[in-house]
Amino acid sequence: VHRQIAPRRNVRILLVGERDVGKTSLILSLVSEEYAEDVPSKAEEITIPADVTPEQVPTHIVDYSAAEQTDDQLSEEIQKAHVICVVYSVEDEDTLDRAATYWLPLIRKCSTNNRCPVVLVGNKIDLVDYSTIEAVYPIMKEFSEIESCIECSAKTLQNISEMFYYAQKAVLHPTTPLYNYDTQE
Ligand code: GTP
């Protein structure tokens, strides 16, 4: 079931994931190009003007905080998002498990009609000397809405701009056709 998608005039990126994985830090590091130790629990919604984004499209970046938002508000944000970054911490295996057992199923449940593309983001690579990509492959196999995965660090800024570029790309140039989950083979 291939559908023609009208060109998007903006991109709305939502970051979700377990507490403390670094969602707010990722957003603030992208915007300020430096790492701050003390970040608020939730970043204000940020709009990046078209001319400074790699795909030349105005991009809204939306943070999520369990401390400040209800489940209903989360569900509303998931429905409004064009792409969702599911963030985990590479030094905390549980946060990747929760991506597969909680966050990805929740995103499916909330976006019933169209498949919302996902970028799986492993943050805090400055803390470890291994890669979690091996553990990510089976999850990507199970959830075809994951367009790409990336490991990065809000602290050292490694792969931060790439992460947001992947998110833009997942919306503007999706690599997989859009299926309904129900009809997906
Ligand atoms: P909640 O608001 O609880 O959902 O957390 P969050 O996911 O927004 O995480 P936050 O950005 O508040 O970061 C949590 C902690 O991890 C803070 O102490 C950050 O300084 C730290 N942190 C975030 N990113 C990195 C990183 O890339 N490397 C390291 N070493 N620490 C990080």
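This is a predicted model: local features need pLDDT of at least 70, side-chain atom pairs count only at pLDDT 80 or more; totals for chains, interfaces and linings use all residues.
Two packed helices are described by the angle between their axes and the distance between the axes. For helix H3 (residues 93-110) and helix H4 (residues 133-142), the axes come within 11 Å of each other and cross at roughly 20°. With an angle under 35 degrees counting as roughly parallel, H3 and H4 are therefore roughly parallel to each other. Their crossing is right-handed. On the H3 side, the contact is made by Leu96, Ala100, Leu104 and Arg108, while H4 brings Ala135, Val136, Ile139 and Glu142. In terms of residue class, this contact of H3 with H4 comprises 6 nonpolar residues and 2 charged ones, with no polar residue taking part.

Helix H3 also packs against helix H2 (71-80). Here the axes come within 9 Å and cross at roughly 75°, which makes H2 roughly perpendicular to H3. Leu74, Ser75, Ile78 and Gln79 are the residues of H2 that meet H3, and their partners there are Trp103, Leu106, Ile107 and Cys110. The contact of H2 with H3 counts 6 nonpolar and 2 polar residues, and no charged ones.

Cys110, one of the H3 residues that meet H2, leads on to the cysteines. The structure holds 0 disulfides.

Tyr64 sits in the loop between strand S3 (59-62) and helix H2, and it is buried because its relative accessible area is 7%. Leaving aside neighbours within four places in sequence, Tyr64 is in contact with Leu14, Leu15, Val16, Lys23, Gln69, Leu74 and Trp103. Among these partners are Leu74 and Trp103, which also belong to the contact of H2 with H3, Leu74 on the H2 side and Trp103 on the H3 side. Tyr64 and Ser41 are separated by 23 residues in sequence, and their C-alpha atoms are 8.6 Å apart in space.

Ser148, in turn, is part of strand S6 (residues 146-151). With a relative accessible area of 14%, Ser148 is buried as well. Apart from neighbours within four places in sequence, Ser148 is in contact with Val118, Val119, Leu120, Met140 and Tyr166.

The loop between S6 and helix H5 (160-172) is the last stop, and Leu157 is found there. Leu157 has a positive phi of about 70°, although it is not a glycine. Its relative accessible area is 31%, so Leu157 is partly exposed. Asn159 lies in the loop between S6 and H5 too. This residue, again not a glycine, has a positive phi of about 65°. Asn159 counts as partly exposed, at a relative accessibility of 25%.

Notes:
Residues are numbered from 1 along each chain as its sequence is written. Side-chain values use heavy atoms; hydrogens and water are left out. Axes are lines fitted to C-alpha atoms, for helices over the stretch in contact, and angles run from 0 to 180 degrees between N-to-C directions. Helices (H or I, at least four residues) and strands (E, at least two) are DSSP runs, numbered from the N terminus. Angles under 35 degrees count as roughly parallel, over 145 as roughly antiparallel, 65 to 115 as roughly perpendicular and the rest as oblique. A crossing is left-handed if the near helix is turned anticlockwise from the far one by less than a right angle, and right-handed if clockwise. Contact means heavy atoms within 4.5 Å. Ala, Val, Leu, Ile, Met, Phe, Trp, Tyr, Cys and Pro count as nonpolar, Asp, Glu, Lys and Arg as charged, and the others, Gly among them, as polar. A disulfide is a pair of cysteine sulfur atoms within 2.5 Å. Buried means under 20% relative accessible area, exposed over 50%, partly exposed in between (1.4 Å probe, protein chains only).
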